[in-house]
Every structure is written in C-alpha cells, then in structure tokens.
Amino acid sequence: MREASLDLVKDSAYRPRVIKFDIRDGVAVVTLDRPDELNVFSGGMGSALGDAYARCDADDAVRAVVLTGAGRAFCAGADMSPEADSFAGPGETTARSREFSASPVRPAAWEVRKPVIAAINGHAIGIGFTLAMQCDIRLVAEDAKLAIPQVRRGMVPDAQSHWTVPAATSRAVAADILLTGRTFRGAEAAVLGLVSRALPADEVLPAALEIAHDIATNVHPVSAALTKRLLWADAGLDEVERLETAYHRVLMGTDDAREGPRAWSERRTPRWTGTVTGAWDGVLAAESSQRPAPSVRQEHQ
C-alpha cells in the first residue's frame with residue numbers, strides 16, 4: 001500500500017490551503033478545501049487543481065481519481081470578491097487577465113489518463129458544476145443545488161460546457177440548462193442524464209471511493225487510459241474503428257492481455273505489470289500509423 005498526503009498552496013490571498021491531495025491504495029482524492037467559503041473557485045484554486053491533475057496523470061501509482069469538496073458544498077461557483085479578480089476584463093493589466101481562459105484548469109479532468117470521478121457532495125454552481133462535467137463519472141447528492149447560471153450574470157458558460165453538457169445528454173437538455181441558467185436538484189440531474197447517480201449526501205463520497213477502488217484493483221490501467229481517450233475523442237465511426245484497431249494492436253500479445261483472462265478464470269485479483277507512461281510512446285506511434293489521423297482531444301506528446 002502506498003500512502004501520500006500533500007497540501008497544494010497556490011492562493012495566498014485567501015487561506016494557506018485551497019486543495020487537499022491524498023493517495024491511498026491507487027486512488028487519489030482531490031478535495032476543494034475552502035469549506036468556510038463553500039469551496040468557491042479562484043484563480044489559485046484552478047492552478048492548484050491543475051497541478052493535482054498533472055500529478056495524477058504522470059504518476060503510475062494513481063489508478064483512479066476522486067474529486068470532491070470539503071464541508072457541505074462541492075463548489076458554489078466563482079469567488080465574487082474583489083480581490084479574486086474572477087472577471088477581470090481583457091483590457092486590464094493584471095497577470096490573471098492577461099492569462100485568462102474560460103477553461104482555467106489545465107490539464108482538464110478529461111485529459112488525465114486515469115478515470116476521474118466527481119463526488120458532488122453538495123451545491124455545485126457555475127464553474128463548480130462545469131468542472132464536474134469534465135469528469136468521467138459523476139455522483140451527486142440528491143438534494144444538492146446545481147446550476148450553470150452564467151447567462152443570468154451577464155457571462156457565458158465556461159469550462160467547455162457547451163461541449164460537455166450536450167455530449168453527456170442531448171442538445172435539448174443542454175439548451176434547457178445553459179440557456180435558462182436555472183437551478184435544479186441532484187435528483188433531477190440524474191433523470192436528465194447529467195450524472196450517473198443521485199444519492200443521499202453522506203453516501204456520495206463513499207460510493208465514489210468504492211468505484212475508484214474497484215477500478216484501481218481490477219481495471220488494467222492502459223486499457224482504462226485508451227478507453228477514456230476514445231470516449232473523449234472527436235472521432236466519427238470510421239475514425240473510432242481505426243483507433244480501436246490501433247489500440248488492440250498495442251495491447252494484444254502483452255503479458256497483461258494474458259493476465260486478465262487468467263486472473264478471471266482463477267477468480268483472483270489481476271496482477272498488472274503494464275503502465276500508462278510505459279505504454280504511451282507505443283500508443284502515439286500506433287495512432288500516427290492510422291490514416292487519416294484522428295482528431296483526439298487529449299494530446300500527451
């Protein structure tokens with residue numbers, strides 16, 4: 001068992017810690033850690049979250065990631081205080097305004113080559129919910145208040161939500177949520193298909209950890225990375241077929257391709273030896289051999 005605990009400090013204007021990061025048994029838990037302010041999002045939090053995601057992506061000891069919030073909220077939106085400078089205009093000369101992006105967390109959750117599970121333990125408003133939509137699996141508290149209300153604030157939705165929301169549901173649901181900016185509950189989010197499950201608030205994080213530990217224990221890390229890459233690819237049917245074929249060629253004949261069926265037949269936990277970082281040059285080479293080249297969202301060159 002490997003354990004690690006790290007505080008990521010990026011936002012001295014607020015409090016000494018905005019992100020909490022722990023690794024245990026192959027699962028990284030990333031916690032938005034401003035509970036007294038309902039984990040409102042600031043530039044420093046975005047930078048720290050990107051650092052945490054980058055570490056998860058690069059560390060082969062991490063097999064799955066859980067993103068959650070401290071206290072009773074997941075993330076109640078952008079910090080609206082003047083010192084947060086959350087909506088500095090492009091003509092303003094602060095460093096943050098010069099570097100502004102509507103997708104402020106890099107890498108995004110969908111770029112991490114491990115499954116990322118959002119444990120939406122409470123209210124998720126604005127960027128709090130659009131960041132969750134970048135995750136692969138979402139569980140939500142059934143009574144949590146959710147909204148992407150930017151159109152009611154004189155802005156537009158962010159964090160690529162004009163792609164993630166309709167991709168997860170439909171254009172009709174996306175129009176309902178994004179064009180009205182209305183508030184709804186976690187239970188409705190499950191009905192709409194925005195999340196996988198709505199649960200009592202105190203069950204959300206345990207359920208997310210259960211999924212993450214199952215992945216860390218039983219799922220081949222390279223298989224998960226390639227499947228995730230396909231799920232987030234901008235690819236049509238023909239391109240998907242070419243990518244699936246390329247990825248089969250990467251995996252077929254490997255020790256792990258034999259270990260998976262053997263472990264299943266022997267009814268034991270698989271003992272994987274392959275790693276994402278060790279396989280990735282071969283993945284990129286296999287992709288480049290396919291013509292025409294696919295347009296894939298995440299690039300790890």
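Predicted model: local features only at pLDDT ≥ 70, side-chain atom pairs only at ≥ 80, totals over all residues.

User: Okay, so why are α8 and α9 called roughly antiparallel?

Analyst: The axes of α8 (residues 221-231) and α9 (residues 237-251) cross at roughly 170°. The cut-off is over 145, so α8 and α9 are roughly antiparallel to each other. Their axes also come within 11 Å. On the α8 side the contact is made by Val222, Ser223, Leu226, Arg229 and Leu230, and on the α9 side by Val240, Leu243, Glu244, Tyr247 and Leu251. By class, that contact has 7 nonpolar, 1 polar and 2 charged residues.

User: What makes the Asp79 and Arg34 pair a salt bridge?

Analyst: The cut-off is a side-chain nitrogen of Lys or Arg within 4 Å of a carboxyl oxygen of Asp or Glu. The side chains of Asp79 and Arg34 meet at 3.3 Å, N to O, so the pair counts as a salt bridge. This pair links distant parts of the chain, 45 residues apart: Asp79 is in the loop between β5 and α2, and Arg34 is in the loop between β3 and α1. Both Asp79 and Arg34 are buried.

User: What does the salt bridge between Asp57 and Arg113 look like?

Analyst: Here the N to O distance is 2.9 Å. Asp57 lies in helix α1 and Arg113 in the loop between α2 and β6, so the pair ties together parts that are 56 residues apart in sequence.

User: How do you know that Asp57 counts as buried? And what about Arg113: buried or exposed?

Analyst: Buried means under 20% relative accessible area. Asp57 has 8% relative accessibility, so Asp57 counts as buried. Arg113 comes in at 10%, so Arg113 is buried too.

User: And where do Asp136 and Lys228 lie?

Analyst: Asp136 is in the loop between α3 and β8 and Lys228 is in helix α8, so this pair ties together parts that are 92 residues apart in sequence. Their side chains meet in a salt bridge at 2.8 Å, N to O.

User: Why is Asp136 called partly exposed, and how does Lys228 count?

Analyst: Partly exposed sits between the buried cut-off, under 20%, and the exposed one, over 50%. Asp136 has a relative accessible area of 25%, so Asp136 is partly exposed. Lys228 is at 5%, so Lys228 counts as buried. Elsewhere, salt bridges that share partners join Glu259, Arg262, Glu266 and Arg268 into one network. The whole structure has 12 salt bridges.

User: What makes you say that the buried residues of α10 line one face?

Analyst: In α10 (residues 255-265), Asp256, Glu259 and Ala263 are buried. Seen down the axis of α10, those residues fall within an arc of 50°, so they line one face of the helix.

User: Which residues of α4 are buried, and why are they said to line one face?

Analyst: In α4 (residues 161-168) they are Ser161, Thr164 and Val165. Their arc, seen down the axis of α4, is within 95°, so they line one face of the helix. The buried residues of α4 pack against α3 and α5.

User: How many helices and strands are there in the protein chain?

Analyst: The protein chain has 11 helices and 11 strands. Of its 301 residues, 47% count as buried.

Terms used. Residues numbered from 1 in each chain as written. Heavy atoms only, no water. Axes fitted to C-alpha atoms, helices over the stretch in contact; angles between N-to-C directions. Helix = DSSP H or I, 4+ residues; strand = E, 2+ residues; numbered from the N terminus. Parallel < 35°, antiparallel > 145°, perpendicular 65-115°, else oblique. Contact = heavy atoms within 4.5 Å. Nonpolar A, V, L, I, M, F, W, Y, C, P; charged D, E, K, R; others polar. Buried < 20%, exposed > 50% of the residue type's maximum accessible area, 1.4 Å probe, protein only. Arc of directions from axis to C-beta.
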